[in-house]
Amino acid sequence: MEHFDVLVVGAGLSGIGAGYHLQTNCPKKTYAILEGRDVIGGTWDLFRYPGIRSDSDMYTLGYSFRPWSEAKAIADGPSILNYVRETARDYGIDKHIRFQHQVKRASWSTPDARWTVEAERGPDRELVRYTCNFLFMCAGYYDYAGGYMPEFPGIETYAGQLVHPQKWPENLDYAGKNVVVIGSGATAVTLVPELAKQTGHVTMLQRSPTYVVSRPAEDAFANRLRRNLPAMLAYRITRWRNVLMSMWFYNLSRKRPARVKAAIIDMVQKALGPDYDVATHFTPSYNPWDQRLCLVPDSDLFDTIKSGRASVVTDQIATFTENGLKLKSGQQLDADIVVTATGLKLLFLAGLEFTVDGERVDFPKRFTYKGMMYNDVPNLAASFGYTNASWTLKCDLTCEYVCRLLNHMDKTGTVSATPRVKEAEIEADPFLSFSSGYVLRALDQMPKQGKAAPWKLHQNYALDLMGLRFGKLDDGVMEFARKARVLEPAE
Ligand SMILES: Cc1cc2nc3c(=O)[nH]c(=O)nc-3n(C[C@H](O)[C@H](O)[C@H](O)COP(=O)(O)OP(=O)(O)OC[C@H]3O[C@@H](n4cnc5c(N)ncnc54)[C@H](O)[C@@H]3O)c2cc1C
């Protein structure tokens, strides 16, 4: 069985970042990345729908160590994929990847102080095993097998083409067709303006509205800085400016929700004109940041609606019909193509089965430590990004912390690090505080968080920066152990 100091699961944005941090901060450690698919890039390779793009700026979605150097701050999927792949190639991280290794199980043995990781390799799903001292999950947060699909009545009667954005058919011809996009999230607001460039008409059918905010696709400040300063310095300044601005906006939304709500709706009304029914189609019943805000570049969604090439219908589906959809209001929507932008199926730690000394780890009964480890599970960390800011901000900090932890264990001659719950009982909160459907549907697979550090999952870069980059490793909660004495079997 091949052994590595660290095994990383997943070669997406997080896994490639993990490779960089490991080889830079722990250069003596051996590591490999096990990737289920046969390419690098994860999300940015999987999703192929027209117009696929980021919905946060690339100065914070990019890595801390590699400047984003393209003009667009809200970038298209292929450019992001290219950035991840170039990073993997330029730093030689790609040489550490074992493709077509779908990891299924991981079992920790305290006497051996190692994980045994089982994966299915290649099309024949040959079982392979590796061992490692530390397991770093960078497998994203949703099910690659397929997206979420509600049970729509009468769907079997529909004669047109049904498409889910997670499995966009190559060469789907939508020119001149009538398309209905079901959904109001990031995917729907991305798809609608892009499809409308060619379709007869696009209807965005939503059960309830989402907050939609427009930002310039290009960041003039960042582009000016880049022209006048060294690339890394310009990147760092823009990154910090964007971090601070998004923290300020998030905090304002939590403290003054009515004010922020009014300001967002006012902006939408201005973009769509005074006669547009913003109250029905763009005024959510919840407060800003109770769910993720949708970002659109250069008002593209609003301009498309204004031009008449797309429209929004806020209603519920009574049933699919042969030609489209019948709504609860009685309205009929004819559609040659229906796109179900109904979201992701979340999957905690890629749905792997974990055992510690033969006992299965039941994550819903565990607490997350610093938002990346779990009580009573040794030497396991997971990269999980922010819900209210760019994913990579947290993943970079998680990687830094993991490297500090590994170096600390080397220095102290310890072989395992296990967060232990010492308080009689920690008051539990759900892992994520979002009210979005895709989060609520998955909360029962996830661990809990506590109300105070280190059990609290801060959705706050500044707090995490202090805790993860500078906080004490031996904090009284993390238990460090030397190798357990292996008992010889009795003669
Ligand atoms: C359409 C879309 C747009 C998004 N836009 C943004 C955005 O603008 N800003 C933002 O902050 N976030 C965004 N996100 C969230 C986004 O997923 C993250 O930003 C980021 O790409 C996640 O990177 P990751 O490497 O953690 O996960 P992924 O990109 O999901 O990569 C995980 C990798 O792990 C592999 N893997 C999974 N399970 C296993 C297994 N069992 N064995 C082996 N390999 C496995 C997968 O094949 C994949 O390659 C978006 C998500 C989606 C779906």
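Biologist: Which strands does helix H5 lie across?
Modeller: In this predicted model, H5, residues 186–195, lies across S8 (178–182), S9 (201–206), S12 and S16.

Biologist: And at what angle does it run to S9?
Modeller: H5 runs at about 165 degrees to S9.

Biologist: What is the strand order in that sheet?
Modeller: S7-S16-S8-S9-S12, an open sheet of 5 strands with parallel pairing. The edge strands are S7 (161–163) and S12 (310–314), and each pairs on one side only. On average, neighbouring strands are turned by 20 degrees against each other, direction ignored.

Biologist: Over how many bridges do S7 and S16 pair?
Modeller: They pair over 3 bridges, in the parallel sense; S16 covers residues 337–340. Leu162 stands opposite Val338 in S16.

Biologist: Moving to the ligand. Which residues are closest?
Modeller: Ser14, Glu35, Asp55, Ser56 and Tyr144, out of 34 residues that surround the ligand.

Biologist: What are the distances for Ser14 and Glu35?
Modeller: An N or O atom in the Ser14 side chain is 2.4 Å from a ligand oxygen. For Glu35, a polar side-chain atom lies 2.6 Å from an oxygen atom of the ligand. Leu13 also has a polar backbone atom 3.1 Å from a ligand oxygen.

Biologist: How much of the ligand does the protein bury?
Modeller: 95% of the 970 Å² that the ligand exposes when taken alone.

Biologist: Which elements give two or more residues to the shell?
Modeller: Helix H1 (13–25), helix H2 (43–46) and strand S4 (101–109). The largest share, 3 residues, comes from S4.

Biologist: How does the shell divide by residue type?
Modeller: Into 18 nonpolar, 12 polar and 4 charged residues.

Note on methods. Residues are numbered from 1 along each chain as its sequence is written. This is a predicted model: local features need pLDDT of at least 70, side-chain atom pairs count only at pLDDT 80 or more; totals for chains, interfaces and linings use all residues. Side-chain values use heavy atoms; hydrogens and water are left out. A residue is near a molecule or strand if one of its heavy atoms lies within 4 Å of it. A polar contact is a pair of N or O atoms within 3.5 Å; within protein, one must be able to donate a hydrogen and the other to accept it, and residues adjacent in sequence count only if both atoms are side-chain atoms. Accessible areas come from the Shrake-Rupley method with a 1.4 Å probe; for residues, only the protein chains shown count as cover. Helices (H or I, at least four residues) and strands (E, at least two) are DSSP runs, numbered from the N terminus. Ala, Val, Leu, Ile, Met, Phe, Trp, Tyr, Cys and Pro count as nonpolar, Asp, Glu, Lys and Arg as charged, and the others, Gly among them, as polar. Two strands pair if DSSP finds at least two bridges between them. Axes are lines fitted to C-alpha atoms, for helices over the stretch in contact, and angles run from 0 to 180 degrees between N-to-C directions. Contact means heavy atoms within 4.5 Å.
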